[in-house]
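Hi,

Here is the structure I promised to send over. Have a look at it first, and then read on for what turned up.

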Amino acid sequence: MPLVYVLGVELTLGHEDPVATTPSDFNITAVRIEEDRIKVDGELDEAEWDLAEPVGDFIQNEPLPGRPATEQTEVRLLYDSKNLYIGAYCFDSESPGGLVAKELTRDFSPRDSDVFHVAIDTFNDNRNSFGFGTNPGGAKRDLQSGGDGQRFNRDWDAIWEVRTKVTEEGWQAEFAIPFRSLRFPPTEEQVWGINFDRRVRRKSETSQWAPVPQPFFVFRVSLAGTLHGL
């Protein structure tokens, strides 16, 4: 098998070449909306969601690093004066029977379920982040990370909301993360690092929007994309 390089990391792949990217290729803009327009129910049916430009085309971290994800994911961001809203469409060709959500408890294991995660580097320092995740059953998982994904505080429990819905096309998640649950610089314009992560349990496949090479995962925020618009 040939040796290739993704983000400066040497990888051994099969017959298809990986997708060549750098962190600067990944930008997403959050759209400002009026307060109390989003009902967090997993439906993603408010007209405001159509205002946000989706990002997708996730890249595998495993089992085939650098290759496109086998299932499509689309993510949109909105915000008002209180919350950052994240809407994720996790399309799945074998939904609903192929979805896995073994745990519904807080801080469930991400290895045993289909999962969607977001990592937010509010200081854009390429070192620290807040993480929020869920599975098709709507379980919540949150943590803080430091050292560019080398240290974790899994005891951290923030105030936030998430609801999910399973459909014939896959599953979708709707997050509301209060700004008061985060720390960020006291500046008028906020530019944050951000990345999204998807795990398809039955395929043992993990992928990210801004790709992260093995052995690292979404909390390697030095490789994250950039959130604009706040």
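A residue counts as buried when its relative accessible area is under 20%. By that cut-off Leu44 is buried, because its relative accessible area is 6%. Do keep in mind that this is a predicted model.

Leu44 sits in the loop between β4 (31-32) and β5, and its phi is positive, near 55°. Asp107, in the loop between β7 and β8, also has a positive phi, near 60°. At 29% relative accessibility, though, Asp107 is partly exposed. Most residues other than glycine have a negative phi, and most peptide bonds are trans.

One runs from Glu62 to Pro63, with omega near 5°, and Pro63 belongs to the loop between β5 (59-62) and β6. Another joins Gln214 and Pro215, with omega about 5°; Pro215 is in the loop between β15 (205-208) and β16 (225-228).

Next, what does buried Asp80 have around it, given that it has no salt bridge? Its nearest side chain of opposite charge is Arg32, 6.9 Å away. The Asp80 side chain does make a polar contact with the side chain of Tyr85 (2.8 Å), and one of its polar atoms is 2.8 Å from the backbone nitrogen of Asn83.

Finally, the largest pocket holds about 370 Å³ of space. It is lined by 20 residues, and Pro110, Arg141, Phe217, Val218 and Phe219 are the closest to its centre. The lining splits into nine nonpolar, four polar and seven charged residues.

Cheers

Notes
Residues numbered from 1 in each chain as written. Predicted model: local features only at pLDDT ≥ 70, side-chain atom pairs only at ≥ 80, totals over all residues. Heavy atoms only, no water. 1 Å grid on protein atoms, 1.4 Å probe; cavity = no way out; pocket = protein on both sides within 12 Å on 5 of 7 lines; lining within 4 Å. Points joined across faces, edges and corners; volume = space filled by probe spheres on them. Nonpolar A, V, L, I, M, F, W, Y, C, P; charged D, E, K, R; others polar. Buried < 20%, exposed > 50% of the residue type's maximum accessible area, 1.4 Å probe, protein only. Lys, Arg positive; Asp, Glu negative; His and termini not counted. Salt bridge = Lys/Arg side-chain N within 4 Å of Asp/Glu carboxyl O. Polar contact = N/O pair within 3.5 Å; in protein donor to acceptor, adjacent residues only side chain to side chain. Helix = DSSP H or I, 4+ residues; strand = E, 2+ residues; numbered from the N terminus.
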